Amino acid sequence: MIIQLEEQLNKEHYTAIQKLLSSLQFKSMDVKTTEGHYLVCIGKKETDIRLIGHLPGVKDVHRVSESYKLVSGKWKIKPTVIDLGGGVKIGGGPLTLMAGPCSIENEEQILSIIEHLKANNIRIMRGGVYKPRSSPYAFRGLGIEGLKLFSSLCRKNDIKIITEVMQVSQVEEMYPYVDVYQVGARNSQNFNLLDALGKVDKPILIKRGMSGTIDELLQSAEYIFSGGNEKLMLCERGIRTFENAYRNTFDINAIQVLKDKSHLPVIADPSHGVGIRNYVPGIAMAAAVAGADGIIYEVHETPEEALSDGQQTLNFEESKKLVEALQVLKMACK
Ligand code: PEP
Ligand code: MN
């Protein structure tokens with residue numbers, strides 16, 4: 001059960017609510033975000049919620065029986081919209097594109113991609129400076145200095161940034177330079193990191209783990225929301241299956257299921273989802289038709305020379321064609 005509390009809640013009302021909850025044998029947890037104050041209550045299913053609903057200080061009460069509560073679509077009618085400022089929003093209608101290299105490499109690379117994004121009306125650039133790599137000998141990113149450069153060039157060009165945070169100690173140092181923190185597939189159940197991201201007031205995109213279920217993704221998102229941050233997005237990026245004709249199996253079903261189960265924006269990552277450049281545009285289109293709120297994909301001027309994930313990265317021409325195709329799709333779906 002979720003209790004939404006009034007903004008002007010006084011102490012007596014709060015105490016009376018808590019008293020009733022304990023008499024009904026509910027355990028409750030306080031969640032305060034920039035948007036609201038909630039009590040997440042765990043207890044008996046058969047309680048008559050009208051008993052609670054009439055109490056002063058209670059705005060609304062919702063029965064949510066899933067293991068995840070605040071990220072569930074059961075209590076929130078309107079979809080969550082993430083506002084990055086400057087007119088850049090994610091969720092609630094139009095398809096948002098985020099594109100950029102797998103890894104941030106140097107100034108020239110950043111600038112060429114910014115130009116490409118601007119020419120195609122893409123307002124959010126992706127790019128990792130902390131790279132989780134299977135091999136310790138592979139390029140592992142430029143680190144915080146790379147992020148500072150990435151950020152200053154994007155800010156000058158009115159482009160927002162999404163980049164991966166890999167560990168708790170990076171959250172604070174990255175804070176001034178990011179617009180959206182990305183939690184990668186390998187960290188989808190790094191609960192310490194999720195707790196830390198619950199304490200920041202910037203949006204988080206959380207990816208599904210490589211072998212994570214939809215339910216586990218939602219519970220991971222619940223960690224962040226219950227920690228105090230409701231600016232959240234979910235990302236399907238493909239899962240490991242027995243199929244080895246491509247890097248990962250993009251789970252198109254997950255787009256529909258997540259949209260149904262949660263009020264959070266759902267973002268598709270076709271680049272990691274299939275892992276082969278030629279197939280990326282088709283999977284991106286399929287995800288848009290399935291109802292994704294946004295697409296995040298990898299692009300580079302010369303993918304053959306990219307320091308990571310070149311095999312799944314679109315070149316500028318391919319990226320431009322994808323943007324145009326998504327535009328046509330949007331018209332067709334109107
Ligand atoms: C990435 O976005 O470059 C990345 C490493 O993604 P994932 O966590 O989905 O593998
Ligand atoms: Mn990548």
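Start with helices α8 and α10: their crossing is right-handed, a term used when the near helix is turned clockwise from the far one by less than a right angle (left-handed if anticlockwise). What you have open is a predicted model, so local features need pLDDT of at least 70 and side-chain atom pairs count only at pLDDT 80 or more, while totals for chains, interfaces and linings use all residues. Residues are numbered from 1 along each chain as its sequence is written, chains are lettered from A and ligands numbered from 1 in the order in which they are written, and side-chain values use heavy atoms, leaving out hydrogens and water.

**Stop 1: α8 against α10**

Select residues 252–261 for α8 and 280–290 for α10; they pack at about 25° with axes 9 Å apart. Helices here are DSSP runs of H or I with at least four residues, strands are runs of E with at least two, and both are numbered from the N terminus. The axes are lines fitted to C-alpha atoms, for helices over the stretch in contact, and the angles run from 0 to 180 degrees between N-to-C directions. That angle therefore makes α8 and α10 roughly parallel (under 35 degrees; over 145 is roughly antiparallel, 65 to 115 roughly perpendicular, the rest oblique). Now show side chains: I252, I255 and Q256 from α8 make the contact with A286, A287 and A290 from α10, where contact means heavy atoms within 4.5 Å.

**Stop 2: α3 and its two partners**

Next, pick α3 (residues 107–119) together with α11 (residues 316–333). Their packing angle is about 25° and their axes are 11 Å apart, so this pair is roughly parallel too. The crossing of α3 and α11 is right-handed. On the α3 side the contact is made by S112, I113 and H116, and on the α11 side by F316, S319 and K320.

Look for E107, I110, L111 and I114 of α3 meeting L149, F150, L153 and C154 of α4.

**Stop 3: the rings**

Time for aromatics. Rings of Phe, Tyr and Trp (its six-membered ring) pair if their centres lie within 6.5 Å; planes under 30 degrees apart are stacked, over 60 edge-to-face, and the rest tilted. How many aromatic pairs does this rule give? The count is three.

Select Y38 and F225: ring centres 5.7 Å apart and planes at 75°, so call it edge-to-face. Since Y38 is in strand β3 (residues 37–42) and F225 in helix α7 (residues 214–226), the pair ties together parts 187 residues apart in sequence. Y38 and F225 are both buried (under 20% relative accessible area; exposed is over 50%, partly exposed in between, with a 1.4 Å probe and protein chains only).

Slide along to F191 and Y223, where the centres are 4.5 Å apart and the planes at 20°, so this one is stacked. F191 belongs to helix α6 (residues 191–197) and Y223 to α7, so the pair links parts 32 residues apart in sequence. F191 is partly exposed at 31%, and Y223 is partly exposed at 31%.

Then jump to K202, whose charged end sits over the ring of Y175, 4.4 Å from its centre; the test is NZ of Lys or CZ of Arg within 6 Å of the ring centre and within 35 degrees of the ring normal.

**Stop 4: two alanines**

A185 is in the loop between β10 (180–183) and α6, buried at 8%. Not counting residues up to four places away in sequence, A185 touches K207, R208, G209, M210 and R237. Stay in α6 for A196, which is buried at 18%. Its C-alpha is 6.3 Å from that of V168, 28 residues away in sequence. Outside four places in sequence, A196 is in contact with V168 and V171.

**Stop 5: positive phi**

Most residues other than glycine have a negative phi. D158 is in the loop between α4 and β9 (160–164) and partly exposed at 45%. Finish at D309, with a positive phi near 55°: this residue is in the loop between β14 (294–298) and α11, buried at 13%.
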